[in-house]
Amino acid sequence: HLGSITQISDAELWHYLMRLIDHCLLEPLVTKEEQRFRIHNLTANFLSEEIEANAREEFNSQIRLNLAYWSEELLADRDNAFSILDQERLNIFRALDLSFSLPSSLFYPQLKQIWQELAQLLFRYIEQRGGAKYWLPIIAHVSQQLSEDIEVQCNLLNRVGSLYRIIHQLSNAIETHQLVLKKAREFEVTRTIVRAHLNLGTDYFEGRNYRMALKHGSLALELFHNSISMQSEKASTLNLLGLALRENGDYEEAKAHFLKAVGLWDAEELMPELARTLSNLATVHQLQGNYEKAIECFDQAKERLKTNSSILDETLLLLNEGSMHFALGNYEKAKNTFRLIQLDYLESVEHESYKAVTLNNLGQVALMQGNLSAARSLFDNSIVLWQQIGNELELANALSGLGDTFTKLGKLAFAIKAYEEVLALTLLFPDDAWANKLEAETEKSLKSLMEKG
């Protein structure tokens, strides 16, 4: 990389690097894979002052060369682009970040095209690998710079809103997608209107507002009925509607939507998306008590992920499959399934929600198996994460598990406190079926404890 940018031979380059290291102008950055070096902060500050005073034009040229190098590496070899991003994300982030500091007179069409293509690539990378919080500022900045083409900007803003949703900033996600919908309607960009409705529906679903999720999903589906050729978006919309219908208890309708989505994903040969919908279909069969069909769907999903999957896809499948084993009372099998989830990886990509769900589920298994010290620790860790995320209902669920654990440990005062916190949180969701169920169970548990002591 440095040799390509500076046009210095490898031997000379290493000689100069060693001199910089000897003078403490570079500092080592040791990773598991290799040893790297970065500019010391004091060096960087000094260089910034020197550049502004004497060499800004030359530095701008180097910024452009650097971005061109990484864009060529990533866009010319898309099959290996994710592997390159895994290894070089710090350099690529820095290359993009520096390119935003270029004067607007240098925002030539080729540079804007590079920004656009890299932003789209980064979003696909985030879907597969995680890291939404890390890359969000970059993609948001690109969307601001590409305001001339309304469809391009709206597509990028849709991505920005999706990243807000991934990191649980739902109000920002909804606000961004509403802005996209307004712009798309103003300029009558139908494809973008569809995507905005789909994203808004997904935002509302994540916020457990199933009525609004169904509304926006249905509005998107109406536009598909007017023969828009967007098969993957149509499959996503059918999957969203299936999820909302499932949560409303409309299981047959949910299955019908999932099956239509499965057909579209299969035709498009999009295996990770197909696996997710098959996993969703399995949960409906499970809710209907048809465990044989559920297992069949999970097996099909696992088969689809053999050739093209990510750790995040595998995690979602394992969470659903483990929950089915738990519902069947197969606690050891549930535990073994949940333990296949790579918690270290989830932490490294800051996917707190999957990690919190996994810890909570393992806590429930430990509770049922009588391993109360483990259950308490797992629930405690899950609670901390849900507090950080700000998901009150999931927090209430974890606190309920902790209250059950304290009850079995004989720590009744602690159990009562946990249950009271659950009830305070469920009051925030008067129309939510899960919250109502959790509230009723907690009131029963609390009443039993009060009677004892």
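Which residue does the side chain of D313 meet in a salt bridge? The partner is R276, with N and O 2.9 Å apart. Keep in mind, as you look around, that this is a predicted model.

D313 sits in helix α15 (residues 311–327) and R276 in helix α13 (residues 271–287), so their contact ties together parts that are 37 residues apart in sequence. D313 is buried, at 6% relative accessible area, while R276 counts as partly exposed at 27%.

| Pair | Closest N to O distance |
|---|---|
| E148 and K112 | 2.5 Å |
| K302 and D299 | 3.7 Å |

The salt bridge between E148 and K112 has its closest N and O atoms 2.5 Å apart. It links distant parts of the chain: E148 is in the loop between α6 (132–145) and α7 (150–166), K112 is in helix α5 (residues 109–129), and 36 residues separate them. E148 is exposed at 59% relative accessibility, whereas K112 is buried at 18%.

Where do K302 and D299 lie, and how are they spaced? Both are in helix α14 (residues 291–304), and because they are three residues apart, about one helical turn separates them. K302 is partly exposed, with a relative accessible area of 34%, and D299 is partly exposed too, at 41%. A further residue joins in here: E321 is linked with D299 and K302 in a network of salt bridges.

Key
Residues are numbered from 1 along each chain as its sequence is written. This is a predicted model: local features need pLDDT of at least 70, side-chain atom pairs count only at pLDDT 80 or more; totals for chains, interfaces and linings use all residues. Side-chain values use heavy atoms; hydrogens and water are left out. A salt bridge is a side-chain nitrogen of Lys or Arg within 4 Å of a carboxyl oxygen of Asp or Glu. Helices (H or I, at least four residues) and strands (E, at least two) are DSSP runs, numbered from the N terminus. Buried means under 20% relative accessible area, exposed over 50%, partly exposed in between (1.4 Å probe, protein chains only).
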